[in-house]
Amino acid sequence: MKLVVPDCYLDFACLADRCRHTCCAGWEIDIDPASLALYQSLPGPIGERLRGSIDVTEEGACFRLTARERCPMLNDSGLCDLITACGDGALCQICADHPRFRSFFTDRTEVGLGLCCEAAGMLLLSRREPLRLTVLEDDGGEERPTPEEEALLALRDALFAAAQDRTRPVTARLTSLCALGGLPAPAFDRRRVAEVLLGLERLDEGWTALLEQLRDAQEVPPLSPDWEVPLEQLLVCLLYRHLPGALDDGLVRERIALCLTLWQTVRCLLALRCPHAPAELPALVELARMMSSEIEYDEENLDALLAFLRII
């Protein structure tokens, strides 16, 4: 069995108290059984505080968020009191994993970094060289991918190559991506997509305002060519995250369309906000972070968007 990661994976580091959008607030934080057992056994004040901050039901355990929707272990300085008291090893699985996501194949597990994390977004979107995948671990096992997995991985390799073809403008590469995915020529109806996204569950009113701007703008200005590489990185990140899901639902075409739709949404929002400011990479990172938080981490929103893409 192999562990496969993007080649910049080991460069990731949490911003901790420097993070402007902490993952310790605004989310339900589930506690896995092993961590729950640890928390129930910890002695002293930290153990008492933990046990007084956890809700346990038949469905599982989670931290009881404060009135400000913050984890009860998150202090006012933006640091985790559990880490301070017990070290990183005391974190529950979801906290230790975030912002990582995983895709499972017969012969490998692929791990990626989610764009909902600003540190991950800056790492992934600021790189200049094309993203490559690397084998981080290999136990020498003899597992082989299934024919379906081999076909999907070969398709993804072709999609990566098309997305990273720097002899062409990044928007022109979409034609190749559509041809590889059996999709019609690329077209993006931003007003219709904005209306669909406005109909989904939303966490942040700032996202609502952006979608309304996307829907109502008279035109979208062209972007500076200096945005080409960051937008290429975004496109590859989306393909890496979403295409493996087709092994479960069979929606290969729709998942390619999903990646293109999310990419076009972010690209158009970027053009409306700062078309001529390539030095302001944080603007793209923030738009990608909002998109990811609102769409990629909400299964119902993802399913609704895939259903929309099946009928167009």
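These legends describe close-up views of one predicted model.

Figure 1. Along its principal axes, the C-alpha trace spans about 60 × 50 × 35 Å. Of the 312 residues, 50% count as buried. Now take the contacts between residues at least 6 apart in sequence: 73% of them join residues at least 24 apart.

Figure 2. Rolling a probe the size of a water molecule over the atoms shows where empty space is left. How many cavities of 30 Å³ or more does the structure hold? It holds one. About 80 Å³ of space lies in the largest cavity. Which residues line the largest cavity? They are Pro 6, Phe 101, Leu 113, Gly 114, Leu 115, Leu 124, Leu 131, Cys 237, Tyr 240, Arg 241 and Glu 296. By class, eight are nonpolar, one is polar and two are charged. Helix H10, residues 228–242, gives the largest share of this lining, with three residues.

Figure 3. Strands of a sheet pair through backbone hydrogen bonds, either parallel or antiparallel. Strand S5 covers residues 100–104, and strand S6 covers residues 108–113. The two run antiparallel and are joined by five bridges. They form a hairpin with three residues between them. Look for Arg 100, whose bridge partner in S6 is Leu 113. Leu 113 also belongs to the lining of the largest cavity.

**Figure 4. A three-stranded open sheet.** Three strands form this open sheet, in the order S2-S4-S3, with antiparallel pairing. Strand S2 (30–31) and strand S3 (54–57) are the edge strands, and each pairs on one side only. S3 pairs with strand S4, residues 60–63, over four bridges. Two residues lie between S3 and S4 in their hairpin. Thr 57 has Gly 60 as its bridge partner in S4, and Val 56 has Ala 61. On the S2 side, S2 and S4 pair over two bridges. There, the bridge partner of Asp 30 in S4 is Cys 62.

**Figure 5. Gly 121 in helix H5.** Helix H5 covers residues 118–126 and includes Gly 121. Is Gly 121 buried or exposed? Its relative accessibility is 1%, so Gly 121 counts as buried. Leaving aside neighbours within four places in sequence, Gly 121 is in contact with Leu 115, Ser 126 and Val 285. Leu 281 is 160 residues from Gly 121 along the chain, and their C-alpha atoms are separated by 9.9 Å.

**Figure 6. Gln 233 in helix H10.** Gln 233 is found in helix H10. Its relative accessible area is 0%, so Gln 233 is buried. Which residues does Gln 233 contact, leaving aside its neighbours within four places in sequence? Leu 124, Leu 125, Arg 127, Arg 128, Glu 129, Pro 130, Leu 131 and Arg 166. Arg 108 is 125 residues from Gln 233 along the chain, and 23 Å separates their C-alpha atoms.

Figure 7. Most residues other than glycine have a negative phi, and most peptide bonds are trans. The peptide bond from His 98 to Pro 99 is cis, with omega near 5 degrees. Pro 99 is found in the loop between helix H4 (93–97) and S5. Ala 16 is not a glycine, yet it has a positive phi of about 55 degrees. Ala 16 lies in the loop between strand S1 (2–6) and S2, and it is partly exposed, with a relative accessible area of 34%. Glu 69 also has a positive phi, of about 65 degrees. Its place is in the loop between S4 and helix H3 (81–86). Glu 69 is partly exposed, with a relative accessible area of 44%.

Key:
Residues are numbered from 1 along each chain as its sequence is written. This is a predicted model: local features need pLDDT of at least 70, side-chain atom pairs count only at pLDDT 80 or more; totals for chains, interfaces and linings use all residues. Side-chain values use heavy atoms; hydrogens and water are left out. On a 1 Å grid over the protein atoms alone, a cavity is a set of points where a 1.4 Å probe fits but cannot get out, and a pocket is an open set with protein on both sides within 12 Å along at least five of seven lines; lining residues have an atom within 4 Å of a point. Grid points are joined across faces, edges and corners, and a volume is the space filled by probe spheres set on the points. Ala, Val, Leu, Ile, Met, Phe, Trp, Tyr, Cys and Pro count as nonpolar, Asp, Glu, Lys and Arg as charged, and the others, Gly among them, as polar. Buried means under 20% relative accessible area, exposed over 50%, partly exposed in between (1.4 Å probe, protein chains only). Two strands pair if DSSP finds at least two bridges between them. Contact means heavy atoms within 4.5 Å.
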